Amino acid sequence: MSALYRNTISFFRVIGTMFILQIMGGILPANAAEPDTTAPLLTVYKDANCGCCEKWLTHISERGFSVDAYNINNLYEFKLSKGIPASMQSCHTAVSSQGYVFEGHIPAIFISRFLATPPKDAIGLTVPAMPVGSPGMEYQDKFMPYQVLLLKTDGSSQVYAQVNSLEESVQ
């Protein structure tokens, strides 16, 4: 029996054994890593030509979110279909796996806080417009205080958080 033949047989025995163990109980080899499914997933809808959206995606990703981004043409109509009034819109919309919406340049910390304990009758959060110093809208050391607003199912909104400094904004 040739060495190549013996090595081939050994290889297929190992593969076959691993396959049987997987079927019998989901056993993985000791060094195999299971995929990380604990990161909250946000599906982001944006314009293909928006650079600040890309910066916000980086902010969110670096803070533990899993992100799927899609460029779409009819953002305005999409936002309205998700219950985001024109006066509350910004440049991109994120939708959580639970169906909550996060409109605009919201700091990751507030999205995490919201998802941990979603307020009753809420559809999500928004930072209307594009305030200088919000995540993705950084420019030198410039900063404009802004509010993160809670969007409610009845169409109303209220202040969810006040952001008063660049440090608060990008934490």
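User: Which residues does Ile111 touch, not counting residues up to four places away in sequence?

Analyst: Leu42, Trp56, Ile60, Phe65, Phe102, Ile106 and Leu125. Contact here means heavy atoms within 4.5 Å. This is a predicted model, where local features need pLDDT of at least 70, side-chain atom pairs count only at pLDDT 80 or more, and totals for chains, interfaces and linings use all residues. Residues are numbered from 1 along each chain as its sequence is written, and side-chain values use heavy atoms, with hydrogens and water left out.

User: How many residues are in the largest nonpolar core?

Analyst: It has 23 residues, and Phe102, Ile111 and Val148 have the most contacts inside it. A nonpolar core is a set of buried Ala, Val, Leu, Ile, Met, Phe, Trp, Tyr and Cys residues joined through side-chain atoms within 4.5 Å. Buried means under 20% relative accessible area, exposed over 50%, partly exposed in between, with a 1.4 Å probe and protein chains only.

User: Which element gives the largest share?

Analyst: Helix α4 does, with five residues. At least two residues each come from β1, α2, α4 (108-116), β5 (122-127), β6 and β7. Helices (H or I, at least four residues) and strands (E, at least two) are DSSP runs, numbered from the N terminus.

User: Which residues are in the other core?

Analyst: That one lies apart and has eight residues, among them Phe78, Ile84, Val95 and Val101.

User: How many bridges join β6 to β7?

Analyst: Six, and the two strands run antiparallel. Gln147 has Gln162 in β7 as its bridge partner.

User: Are the residues of β3 buried or exposed?

Analyst: Buried, on both faces: Thr93 and Val95 on one side, Ala94 and Ser96 on the other. In a regular strand the side chains alternate between the two faces of the sheet.

User: Which residue in the β3 and β4 hairpin takes a positive phi?

Analyst: Gly99, near 95°, in a hairpin with four residues between the strands. Three bridges join β3 to β4, which run antiparallel.

Notes
Two strands pair if DSSP finds at least two bridges between them.
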